[in-house]
Amino acid sequence: MRSTDPRSPVDPRSPVDPRSPVDETVDRPDWRVLVVDDEPDLVEVVSGAVRYEGWQARGATTGLAAVEAAAAWRPHAVVLDVMLPDLDGLEVLRRIHAEQPEVRVLFLTARDAVEERIAGIAAGGDDYVTKPFSLAEVVVRLRGLLRRAAPPAAAGQPPPHALVLGDLVLDDRAREVTRGGETVELSPTEYALLAHLMRHPRQVLSKAQILDAVWSYDFGGQAHIVELYISYLRKKVDAGRSPMIHTVRGAGYLIKAAT
């Protein structure tokens, strides 16, 4: 992993073994780090250092590939070069944070690019290292970022940001719903209705309240549309299971954990 090319962005004096002391918060194999640079060799070297720490790593050499990889893989941290051949690093950061604002970003910048460093931090980046850099410095800075990141969910457990009610889980970041570990496929409107109900568990919501929150009265206050979509939800969420969605006559609807 040591570079001998004097033009390499990795400092040739960089220690071969950058492994840090054990930290139970950071030293876990489910952390995911995306490495983005237009130099494939650099991506490979930094990814190798990431894997040596025990974390998962993936690489991208263009801005568009980085945005696609982030959307599909959902990393916890990104090592991101400012200068890329298509989108610049600031635009990549903006697109990733639009969907995953919790992702930590470590920028790679040229040593004399003070304006780049300021722009990167101002845009929402968390830290930076300058080229040529030491692998040990990259690892240390990544460890600091991961300590401040939301920890990965334990195997089989919902992520900490998910809405959970009994065995029903709604992950708003991934736009996924499961019940009893099985995926529940919902239309956008069904998803919005379920999310509203789950944000108010065991609370009776009137048809007017639901119309206002989910449709913004786009249907002219027609209460029957609520009844229709509640029936759709029941067929998908409650079918073959103990019911969670309940009608309170004359008042509205509520959702609660199955008994």
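**Loops, sheet and cores**

User: Where is R202 found?

Analyst: R202 sits in the loop between helix 6 and helix 7, where helices (H or I, at least four residues) and strands (E, at least two) are DSSP runs numbered from the N terminus. This is a predicted model in which local features need pLDDT of at least 70 and side-chain atom pairs count only at pLDDT 80 or more, while totals for chains, interfaces and linings use all residues. Residues are numbered from 1 along each chain as its sequence is written, and side-chain values use heavy atoms, with hydrogens and water left out.

User: What is phi of R202, and is R202 buried or exposed?

Analyst: Its phi is near 60 degrees, a positive value in a residue other than glycine, and R202 is exposed, with a relative accessible area of 62%. Here buried means under 20% relative accessible area, exposed over 50% and partly exposed in between, with a 1.4 Å probe and protein chains only. Most residues other than glycine have a negative phi, and most peptide bonds are trans.

User: Which peptide bond is cis, then?

Analyst: The bond from K131 to P132 is cis, with omega near -5 degrees, and P132 lies in the loop between strand 5 (127-131) and helix 5 (135-148).

User: Switching to the sheet, what is the order of the four strands?

Analyst: The open sheet has the order 6-7-8-9 with antiparallel pairing, two strands counting as paired if DSSP finds at least two bridges between them. Strand 6 (163-165) and strand 9 (182-183) stand at the edges with a single partner strand each, so one side of each is left without a neighbour in the sheet.

User: How many bridges join strand 7 to strand 8?

Analyst: Four bridges join strand 7 (residues 168-171) to strand 8 (residues 176-179), and V169 has T178 as its bridge partner in strand 8.

User: What lies across strand 6, strand 7 and strand 8?

Analyst: Helix 6 (residues 188-198) does, running at about 115 degrees to strand 7; axes are lines fitted to C-alpha atoms, for helices over the stretch in contact (heavy atoms within 4.5 Å), and angles run from 0 to 180 degrees between N-to-C directions.

User: And which residues touch the most other members of the largest nonpolar core?

Analyst: L194, I210 and I255 do, out of 27 residues, a nonpolar core being a set of buried Ala, Val, Leu, Ile, Met, Phe, Trp, Tyr and Cys residues joined through side-chain atoms within 4.5 Å. A second, separate core of 25 residues includes W31, V35, V43 and V139.
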